[in-house]
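We will go from stop to stop, and at each one you will see what to pick next.

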Amino acid sequence: MDPEVMLNLMVELAGLEEELAAATATLVHHSRRDLHLRQLQDEYEADAAQAVAKGRDAAVSLRGTEVRIQDIEAALAHKRDQVVGISDRRQYKALQAEIKALEKELDRQETEAIELMDDVGRRDRQAGQAKGERDTQEDRGSEELARMAEETNRARAAEQEIISEIDRLIGMLPDKIARHAIRLRTQYPQAVVRVQEGACGGCFSRFPAQQGIDAEKGKALVRCPSCARFVVHKSWK
Ligand SMILES: [Zn+2]
């Protein structure tokens, strides 16, 4: 095989391997981001559910207090009725003391009811806010998830195409080079890397000066003395 043709094939192979690495990186990134967004949504969901539950608890407490107030009012009315017909002084005093205690308790329960009403209002506002935040996040998240799903499908399709193209190119290489390339691909994501300022773009080892120049100028197929990967120049396109 003409060395120049082979070198061009290797440059093309390097480009394909770079595209493949980019597609793979997209897939990895999207799957992580996807998980993160779903967890985030779960957190917002849990926050909203907790806020709603707290609002419900507050409303239950308020209802309990209202029932107690009604009971006390009924008991008070009954005692006040009793007081009217009593002539015994001791009984009268005892009833008055009971009425006083009930009035005090009523006062206490009414104060608590007012505080609970404030609490219910506050909890309702917090629940509304938490639900709003949850919905906002859901809109934002589902938009991003849909976009990522499309990109993931594209990257998966591209991955398959690139892999077939890499196989096709490797099939065109001389046997010995092809064998090396296949073995290197089992070891590294890329069998062919770019020269970077006189060093291997894969492991960053510096080359002997002449090798560096050969790789930069595309004069010869260079292999890194350190990691054994093929090293070619950057695309001139
Ligand atoms: Zn290297």
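**Starting in the sheet**

Select Val193 and then Val231: this Val231 is the bridge partner of Val193 in strand S4. Bear in mind along the way that this is a predicted model.

Now extend the selection to strand S1, residues 192-196, which runs parallel to S4 and is joined to it by three bridges. Next, show the whole open sheet: its four strands come in the order S2-S1-S4-S3, with mixed pairing. At the edges you will find S2 and S3, each pairing on one side only.

**Helices on the sheet**

Select helix H1, residues 3-84, which packs on the sheet and touches S1 and S4. The direction of H1 makes about 100° with that of S1. Then pick helix H3, residues 175-187, which also packs on the sheet, here touching S3 and S4. The direction of H3 makes about 100° with that of S4.

**The zinc site**

Which residues coordinate the zinc ion? Show the side chains of Cys200, Cys203, Cys224 and Cys227: their SG atoms coordinate the zinc ion at 2.3 Å. The arrangement is tetrahedral because the four donor atoms subtend angles of 102 to 116° around the zinc ion. Along the chain, the donors follow the spacing C-x2-C-x20-C-x2-C. Cys200 sits in strand S2 (residues 199-200) and Cys227 in the loop between S3 (222-223) and S4 (230-232), so this pair links parts of the chain 27 residues apart. Both Cys200 and Cys227 are buried.

**Zooming out**

Finally, colour domain 1 (22-172) and domain 2 (174-237) separately. Their centres, taken over C-alpha atoms, are separated by 60 Å.

Notes. Residues are numbered from 1 along each chain as its sequence is written. This is a predicted model: local features need pLDDT of at least 70, side-chain atom pairs count only at pLDDT 80 or more; totals for chains, interfaces and linings use all residues. Side-chain values use heavy atoms; hydrogens and water are left out. Domain bounds come from an automatic or database domain assignment. Donors are N, O and S atoms within 2.8 Å of the metal (3.2 Å for Na, K and Ca); water is not among the atoms, so sites may look incomplete. Four donors count as tetrahedral if all angles lie between 85 and 135 degrees; four count as square planar and six as octahedral if opposite donors are over 155 degrees apart and all others between 65 and 115; anything else is irregular. Helices (H or I, at least four residues) and strands (E, at least two) are DSSP runs, numbered from the N terminus. Buried means under 20% relative accessible area, exposed over 50%, partly exposed in between (1.4 Å probe, protein chains only). Two strands pair if DSSP finds at least two bridges between them. Contact means heavy atoms within 4.5 Å. Axes are lines fitted to C-alpha atoms, for helices over the stretch in contact, and angles run from 0 to 180 degrees between N-to-C directions.
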